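Here is a short walk through one structure. Keep the sequence and the 3D view at hand, and look up each residue as it comes.

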Amino acid sequence: MYAQLVETGQKNLRQREDMSPEERAFQDRVDADIKIEAKDWMPDAYRKTLIRQIQQHAHSEIVGMLPEGNWIGRAPSLQRKAILMAKVQDEGGHGLYLYGAAETLGVSRDQMVADLHAGNSKYSSIFNYPTLTWADIGAIGWLVDGAAIMNQIPLCRCSYGPYARAMVRICKEESFHQRQGYDIMLKLCAGTPEQKAMAQDALNRWWWPSLMMFGPPDADSVHSAQSAQWKIKLLSNDELRQRFVDQTVPQADHLGIAMPDPDLRWNADGGRYDFGAIDWTEFHSVLKGNGPCNRERLAARVKAWDDGAWVRDAAVAHAAKCAARAVRAAA
(Lines give C-alpha, C1' and ligand atoms only; values in the text may rest on other atoms or scores of the structure.)
Protein backbone atom coordinates (compact mmCIF):
# COMPACT_ATOMS: atom_id res chain seq x y z
CA MET A 1 0.00 0.00 0.00
CA TYR A 2 1.10 3.59 -0.54
CA ALA A 3 0.23 4.37 3.10
CA GLN A 4 2.04 2.33 5.75
CA LEU A 5 1.89 2.22 9.57
CA VAL A 6 -0.95 4.76 9.74
CA GLU A 7 -1.72 5.59 13.36
CA THR A 8 -5.36 5.83 14.42
CA GLY A 9 -4.75 7.58 17.74
CA GLN A 10 -6.58 4.70 19.46
CA LYS A 11 -4.60 2.33 21.66
CA ASN A 12 -7.53 -0.08 21.87
CA LEU A 13 -10.46 -0.89 19.60
CA ARG A 14 -13.44 1.24 20.58
CA GLN A 15 -16.26 -0.91 21.93
CA ARG A 16 -19.87 0.15 21.49
CA GLU A 17 -20.45 0.57 25.22
CA ASP A 18 -17.53 3.02 25.35
CA MET A 19 -18.88 5.20 22.54
CA SER A 20 -20.80 8.43 22.91
CA PRO A 21 -24.26 8.65 21.27
CA GLU A 22 -22.67 10.54 18.36
CA GLU A 23 -20.01 7.85 17.92
CA ARG A 24 -22.62 5.08 17.97
CA ALA A 25 -24.70 6.88 15.33
CA PHE A 26 -21.55 7.35 13.25
CA GLN A 27 -20.57 3.68 13.56
CA ASP A 28 -24.10 2.62 12.59
CA ARG A 29 -23.76 4.60 9.35
CA VAL A 30 -20.40 3.02 8.65
CA ASP A 31 -21.77 -0.48 9.37
CA ALA A 32 -24.66 0.21 6.98
CA ASP A 33 -22.19 1.19 4.22
CA ILE A 34 -23.48 4.75 4.11
CA LYS A 35 -20.65 7.00 2.97
CA ILE A 36 -19.33 9.62 5.39
CA GLU A 37 -19.08 13.01 3.71
CA ALA A 38 -16.94 16.03 4.56
CA LYS A 39 -19.69 17.96 6.38
CA ASP A 40 -20.91 14.96 8.39
CA TRP A 41 -20.04 14.57 12.05
CA MET A 42 -17.13 12.18 12.57
CA PRO A 43 -14.91 11.23 15.53
CA ASP A 44 -11.78 13.32 15.75
CA ALA A 45 -9.63 10.17 15.65
CA TYR A 46 -11.35 9.08 12.40
CA ARG A 47 -10.65 12.46 10.83
CA LYS A 48 -7.00 12.45 11.92
CA THR A 49 -6.50 8.87 10.71
CA LEU A 50 -7.88 9.75 7.29
CA ILE A 51 -5.67 12.83 7.07
CA ARG A 52 -2.58 10.75 7.92
CA GLN A 53 -3.48 8.02 5.43
CA ILE A 54 -4.63 10.19 2.53
CA GLN A 55 -1.73 12.64 2.76
CA GLN A 56 0.76 9.77 2.96
CA HIS A 57 -0.94 8.25 -0.09
CA ALA A 58 -0.75 11.61 -1.92
CA HIS A 59 2.91 12.10 -1.03
CA SER A 60 3.63 8.60 -2.35
CA GLU A 61 2.05 9.39 -5.71
CA ILE A 62 4.12 12.58 -6.05
CA VAL A 63 7.42 11.13 -4.82
CA GLY A 64 6.68 8.05 -6.94
CA MET A 65 7.12 10.18 -10.06
CA LEU A 66 10.84 10.52 -9.35
CA PRO A 67 12.17 6.96 -9.93
CA GLU A 68 10.37 6.71 -13.27
CA GLY A 69 10.91 10.31 -14.33
CA ASN A 70 14.59 9.49 -14.15
CA TRP A 71 14.13 7.31 -17.27
CA ILE A 72 11.96 9.54 -19.48
CA GLY A 73 15.01 10.91 -21.30
CA ARG A 74 16.54 7.43 -21.60
CA ALA A 75 13.54 5.37 -22.75
CA PRO A 76 14.53 2.98 -25.57
CA SER A 77 12.02 4.30 -28.13
CA LEU A 78 9.75 7.25 -28.81
CA GLN A 79 6.71 5.11 -28.06
CA ARG A 80 8.11 3.99 -24.71
CA LYS A 81 8.97 7.58 -23.86
CA ALA A 82 5.43 8.78 -24.64
CA ILE A 83 3.91 5.99 -22.55
CA LEU A 84 6.22 6.68 -19.62
CA MET A 85 5.53 10.43 -19.79
CA ALA A 86 1.79 9.73 -19.68
CA LYS A 87 2.25 7.39 -16.71
CA VAL A 88 4.31 9.89 -14.72
CA GLN A 89 1.77 12.60 -15.50
CA ASP A 90 -1.00 10.30 -14.23
CA GLU A 91 0.85 9.86 -10.94
CA GLY A 92 1.02 13.63 -10.50
CA GLY A 93 -2.72 13.80 -11.10
CA HIS A 94 -3.34 11.09 -8.52
CA GLY A 95 -1.45 13.14 -5.96
CA LEU A 96 -3.62 16.17 -6.71
CA TYR A 97 -6.85 14.15 -6.38
CA LEU A 98 -5.69 12.85 -3.03
CA TYR A 99 -4.50 16.19 -1.69
CA GLY A 100 -7.94 17.50 -2.63
CA ALA A 101 -9.64 14.65 -0.74
CA ALA A 102 -7.50 15.36 2.33
CA GLU A 103 -8.34 19.07 2.16
CA THR A 104 -12.03 18.22 2.66
CA LEU A 105 -11.03 17.09 6.16
CA GLY A 106 -9.75 20.54 7.11
CA VAL A 107 -6.02 20.33 6.45
CA SER A 108 -4.36 22.67 3.95
CA ARG A 109 -2.18 21.51 1.09
CA ASP A 110 0.61 23.80 2.27
CA GLN A 111 0.55 22.12 5.67
CA MET A 112 0.67 18.64 4.14
CA VAL A 113 3.67 19.59 2.00
CA ALA A 114 5.38 21.22 4.99
CA ASP A 115 4.84 18.02 7.01
CA LEU A 116 6.46 15.97 4.24
CA HIS A 117 9.46 18.27 3.94
CA ALA A 118 9.94 18.34 7.71
CA GLY A 119 9.84 14.56 7.93
CA ASN A 120 6.60 14.57 9.93
CA SER A 121 4.67 12.75 7.20
CA LYS A 122 5.88 9.69 5.32
CA TYR A 123 5.52 8.24 1.84
CA SER A 124 5.70 4.60 0.75
CA SER A 125 9.00 2.87 1.45
CA ILE A 126 9.06 1.43 -2.09
CA PHE A 127 10.07 4.75 -3.64
CA ASN A 128 13.36 4.86 -1.77
CA TYR A 129 14.94 2.29 -4.08
CA PRO A 130 16.89 3.25 -7.23
CA THR A 131 15.91 2.53 -10.84
CA LEU A 132 19.19 1.16 -12.21
CA THR A 133 18.06 -0.17 -15.59
CA TRP A 134 15.15 0.11 -18.02
CA ALA A 135 13.88 -3.22 -16.66
CA ASP A 136 13.28 -1.46 -13.33
CA ILE A 137 10.60 0.62 -15.06
CA GLY A 138 8.92 -2.60 -16.11
CA ALA A 139 9.24 -4.05 -12.61
CA ILE A 140 7.74 -0.93 -11.03
CA GLY A 141 4.73 -1.06 -13.33
CA TRP A 142 4.25 -4.79 -12.94
CA LEU A 143 5.01 -5.21 -9.23
CA VAL A 144 4.67 -1.83 -7.52
CA ASP A 145 1.58 -0.71 -9.40
CA GLY A 146 0.23 -4.26 -9.20
CA ALA A 147 0.58 -4.18 -5.42
CA ALA A 148 -0.99 -0.72 -5.33
CA ILE A 149 -4.01 -1.92 -7.32
CA MET A 150 -4.43 -4.88 -5.01
CA ASN A 151 -4.76 -2.52 -2.07
CA GLN A 152 -6.53 0.38 -3.75
CA ILE A 153 -9.47 -1.45 -5.30
CA PRO A 154 -10.93 -2.12 -1.81
CA LEU A 155 -10.41 1.59 -1.02
CA CYS A 156 -13.03 2.39 -3.67
CA ARG A 157 -15.47 1.02 -1.08
CA CYS A 158 -13.98 2.72 2.00
CA SER A 159 -16.27 4.66 4.31
CA TYR A 160 -15.11 8.19 3.46
CA GLY A 161 -16.85 9.38 0.31
CA PRO A 162 -14.28 11.82 -1.15
CA TYR A 163 -11.47 9.28 -0.73
CA ALA A 164 -13.50 6.41 -2.19
CA ARG A 165 -14.54 8.43 -5.24
CA ALA A 166 -10.99 9.61 -5.92
CA MET A 167 -9.84 6.00 -5.85
CA VAL A 168 -12.23 4.94 -8.63
CA ARG A 169 -10.41 6.98 -11.26
CA ILE A 170 -7.00 6.27 -9.78
CA CYS A 171 -7.55 2.51 -9.97
CA LYS A 172 -8.57 2.71 -13.63
CA GLU A 173 -5.36 4.53 -14.47
CA GLU A 174 -3.23 2.24 -12.30
CA SER A 175 -4.53 -0.72 -14.30
CA PHE A 176 -2.95 0.84 -17.41
CA HIS A 177 0.28 1.40 -15.48
CA GLN A 178 0.43 -2.24 -14.43
CA ARG A 179 -0.18 -3.47 -17.96
CA GLN A 180 2.51 -1.26 -19.48
CA GLY A 181 5.01 -2.48 -16.87
CA TYR A 182 4.22 -6.11 -17.60
CA ASP A 183 4.51 -5.41 -21.32
CA ILE A 184 8.04 -4.07 -20.80
CA MET A 185 8.96 -7.23 -18.89
CA LEU A 186 7.35 -9.40 -21.58
CA LYS A 187 9.38 -7.73 -24.34
CA LEU A 188 12.63 -8.03 -22.37
CA CYS A 189 12.04 -11.69 -21.56
CA ALA A 190 11.38 -12.43 -25.22
CA GLY A 191 14.56 -10.59 -26.27
CA THR A 192 18.23 -11.38 -25.99
CA PRO A 193 19.71 -13.37 -23.09
CA GLU A 194 21.12 -10.08 -21.77
CA GLN A 195 17.67 -8.46 -21.82
CA LYS A 196 16.09 -11.41 -20.05
CA ALA A 197 18.86 -11.32 -17.44
CA MET A 198 18.11 -7.63 -16.94
CA ALA A 199 14.43 -8.47 -16.29
CA GLN A 200 15.44 -11.19 -13.82
CA ASP A 201 17.75 -8.79 -11.98
CA ALA A 202 14.94 -6.20 -11.68
CA LEU A 203 12.58 -8.84 -10.29
CA ASN A 204 15.25 -9.93 -7.80
CA ARG A 205 15.61 -6.38 -6.48
CA TRP A 206 11.95 -5.27 -6.47
CA TRP A 207 10.15 -8.40 -5.29
CA TRP A 208 10.76 -8.16 -1.56
CA PRO A 209 10.25 -4.37 -1.31
CA SER A 210 6.95 -4.87 -3.18
CA LEU A 211 5.80 -7.37 -0.55
CA MET A 212 6.74 -4.86 2.16
CA MET A 213 4.37 -2.30 0.58
CA PHE A 214 1.41 -3.96 2.29
CA GLY A 215 2.81 -3.11 5.70
CA PRO A 216 3.88 -5.30 8.63
CA PRO A 217 2.24 -8.64 9.50
CA ASP A 218 -1.23 -8.42 10.98
CA ALA A 219 0.10 -9.48 14.39
CA ASP A 220 2.35 -6.41 14.43
CA SER A 221 -0.13 -3.97 12.84
CA VAL A 222 -1.63 -2.49 15.99
CA HIS A 223 -3.84 0.11 14.29
CA SER A 224 -5.44 -2.13 11.67
CA ALA A 225 -8.38 -3.26 13.81
CA GLN A 226 -9.63 0.28 14.39
CA SER A 227 -9.20 1.22 10.73
CA ALA A 228 -11.14 -1.92 9.82
CA GLN A 229 -13.96 -1.03 12.23
CA TRP A 230 -14.23 2.38 10.57
CA LYS A 231 -14.03 0.71 7.12
CA ILE A 232 -11.06 2.83 6.17
CA LYS A 233 -9.29 -0.49 5.71
CA LEU A 234 -11.33 -3.39 4.33
CA LEU A 235 -8.73 -6.17 4.08
CA SER A 236 -5.76 -6.93 6.33
CA ASN A 237 -2.11 -6.54 5.35
CA ASP A 238 -1.56 -10.29 5.22
CA GLU A 239 -4.71 -10.94 3.16
CA LEU A 240 -3.68 -8.37 0.56
CA ARG A 241 -0.08 -9.60 0.46
CA GLN A 242 -1.24 -13.21 -0.07
CA ARG A 243 -3.55 -12.18 -2.90
CA PHE A 244 -0.71 -10.30 -4.55
CA VAL A 245 1.66 -13.29 -4.32
CA ASP A 246 -0.98 -15.66 -5.70
CA GLN A 247 -1.64 -13.32 -8.63
CA THR A 248 1.98 -12.50 -9.44
CA VAL A 249 3.76 -15.87 -9.30
CA PRO A 250 1.93 -17.29 -12.36
CA GLN A 251 2.74 -14.08 -14.24
CA ALA A 252 6.45 -14.59 -13.51
CA ASP A 253 6.12 -18.19 -14.70
CA HIS A 254 4.67 -16.92 -17.98
CA LEU A 255 7.61 -14.54 -18.36
CA GLY A 256 10.02 -17.38 -17.76
CA ILE A 257 11.82 -15.74 -14.86
CA ALA A 258 12.15 -17.04 -11.32
CA MET A 259 10.93 -15.54 -8.09
CA PRO A 260 13.90 -14.76 -5.79
CA ASP A 261 12.45 -16.88 -3.00
CA PRO A 262 13.81 -20.40 -2.42
CA ASP A 263 10.97 -21.05 0.05
CA LEU A 264 8.19 -20.30 -2.45
CA ARG A 265 5.90 -23.34 -2.75
CA TRP A 266 2.39 -24.05 -3.99
CA ASN A 267 0.22 -25.14 -1.05
CA ALA A 268 -2.38 -27.43 -2.61
CA ASP A 269 -4.33 -27.84 0.63
CA GLY A 270 -4.56 -24.10 1.20
CA GLY A 271 -4.95 -23.20 -2.47
CA ARG A 272 -2.23 -20.57 -2.20
CA TYR A 273 1.51 -19.98 -2.49
CA ASP A 274 3.55 -20.17 0.69
CA PHE A 275 6.49 -17.78 0.62
CA GLY A 276 9.60 -17.02 2.61
CA ALA A 277 10.14 -14.68 5.53
CA ILE A 278 10.28 -10.95 4.78
CA ASP A 279 13.17 -8.92 6.19
CA TRP A 280 11.21 -6.43 8.27
CA THR A 281 14.44 -4.94 9.60
CA GLU A 282 15.05 -3.52 6.12
CA PHE A 283 11.48 -2.21 5.94
CA HIS A 284 11.73 -0.30 9.21
CA SER A 285 15.20 0.98 8.35
CA VAL A 286 13.94 2.45 5.06
CA LEU A 287 10.94 4.02 6.80
CA LYS A 288 13.31 5.69 9.27
CA GLY A 289 15.14 7.36 6.40
CA ASN A 290 17.99 4.92 5.84
CA GLY A 291 17.03 3.56 2.42
CA PRO A 292 19.23 3.92 -0.68
CA CYS A 293 17.41 7.03 -1.93
CA ASN A 294 15.56 8.60 1.04
CA ARG A 295 17.64 11.77 1.19
CA GLU A 296 17.75 12.13 -2.59
CA ARG A 297 13.96 11.81 -2.93
CA LEU A 298 13.16 14.32 -0.20
CA ALA A 299 15.77 16.79 -1.45
CA ALA A 300 14.25 16.62 -4.94
CA ARG A 301 10.77 17.36 -3.60
CA VAL A 302 11.98 20.30 -1.49
CA LYS A 303 13.88 21.74 -4.45
CA ALA A 304 10.83 21.40 -6.73
CA TRP A 305 8.66 23.15 -4.15
CA ASP A 306 11.13 26.00 -3.68
CA ASP A 307 11.73 26.40 -7.41
CA GLY A 308 7.98 26.59 -8.01
CA ALA A 309 7.33 29.32 -5.43
CA TRP A 310 7.15 32.04 -8.10
CA VAL A 311 4.41 30.13 -9.94
CA ARG A 312 2.31 29.85 -6.78
CA ASP A 313 2.88 33.52 -5.97
CA ALA A 314 1.87 34.54 -9.49
CA ALA A 315 -1.29 32.44 -9.31
CA VAL A 316 -2.29 34.03 -5.99
CA ALA A 317 -1.61 37.53 -7.34
CA HIS A 318 -3.67 36.82 -10.47
CA ALA A 319 -6.56 35.48 -8.38
CA ALA A 320 -6.45 38.63 -6.21
CA LYS A 321 -6.57 40.88 -9.29
CA CYS A 322 -9.52 38.95 -10.71
CA ALA A 323 -11.38 39.25 -7.40
CA ALA A 324 -10.68 42.99 -7.25
CA ARG A 325 -11.98 43.46 -10.79
CA ALA A 326 -15.14 41.55 -9.90
CA VAL A 327 -15.72 43.82 -6.89
CA ARG A 328 -15.25 46.97 -9.00
CA ALA A 329 -17.55 45.63 -11.71
CA ALA A 330 -20.26 44.91 -9.17
CA ALA A 331 -20.01 48.40 -7.58
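Where is Lys231 found? Lys231 sits in the loop between H9 and H10. Note that this is a predicted model.

The backbone of Lys231 deserves a look. Most residues other than glycine have a negative phi. Lys231 is not a glycine, yet its phi is positive, near 60°. Its relative accessibility is 22%, so Lys231 counts as partly exposed.

Asp33 also has a positive phi, about 60°, although it is not a glycine. Find Asp33 in the loop between helix H1 (21-31) and helix H2 (44-63). Asp33 counts as exposed because its relative accessibility is 55%, and the cut-off for exposed is over 50%.

Now turn to the aromatic rings. A pair of rings is described by the distance of the centres and the angle of the planes. The model has ten aromatic pairs. Take Trp207 and Phe244, one of these pairs. Their ring centres are 5.7 Å apart and their planes meet at 20°. Planes under 30 degrees apart count as stacked, so Trp207 and Phe244 form a stacked pair. This pair links distant parts of the chain.

Phe244 has another partner, Phe214. Here the centres lie 5.6 Å apart and the planes stand at 50°, so this pair is tilted. Phe214 is in the loop between H8 and helix H9 (224-229), while Phe244 is in helix H10, so the pair ties together parts 30 residues apart in sequence.

Elsewhere, aromatic residues gather in a group. Phe26, Trp41, Tyr46 and Trp230 form one aromatic cluster.

Rings also meet charges. The charged end of Arg74 sits over the ring of Trp71, 3.9 Å from the ring centre. The charged end of Arg312 is placed over the ring of Trp305, at 3.5 Å from that centre.

Lys187 lies in helix H7 (residues 161-189). Its relative accessible area is 49%, so Lys187 is partly exposed. Trp310 is 123 residues away from Lys187 along the chain. The C-alpha atoms of Lys187 and Trp310 are separated by 43 Å.

Technical notes. Residues are numbered from 1 along each chain as its sequence is written. This is a predicted model: local features need pLDDT of at least 70, side-chain atom pairs count only at pLDDT 80 or more; totals for chains, interfaces and linings use all residues. Side-chain values use heavy atoms; hydrogens and water are left out. Rings of Phe, Tyr and Trp (its six-membered ring) pair if their centres lie within 6.5 Å; planes under 30 degrees apart count as stacked, over 60 as edge-to-face and the rest as tilted. Helices (H or I, at least four residues) and strands (E, at least two) are DSSP runs, numbered from the N terminus. A charge sits over a ring if NZ of Lys or CZ of Arg is within 6 Å of the ring centre and within 35 degrees of the ring normal. Buried means under 20% relative accessible area, exposed over 50%, partly exposed in between (1.4 Å probe, protein chains only).
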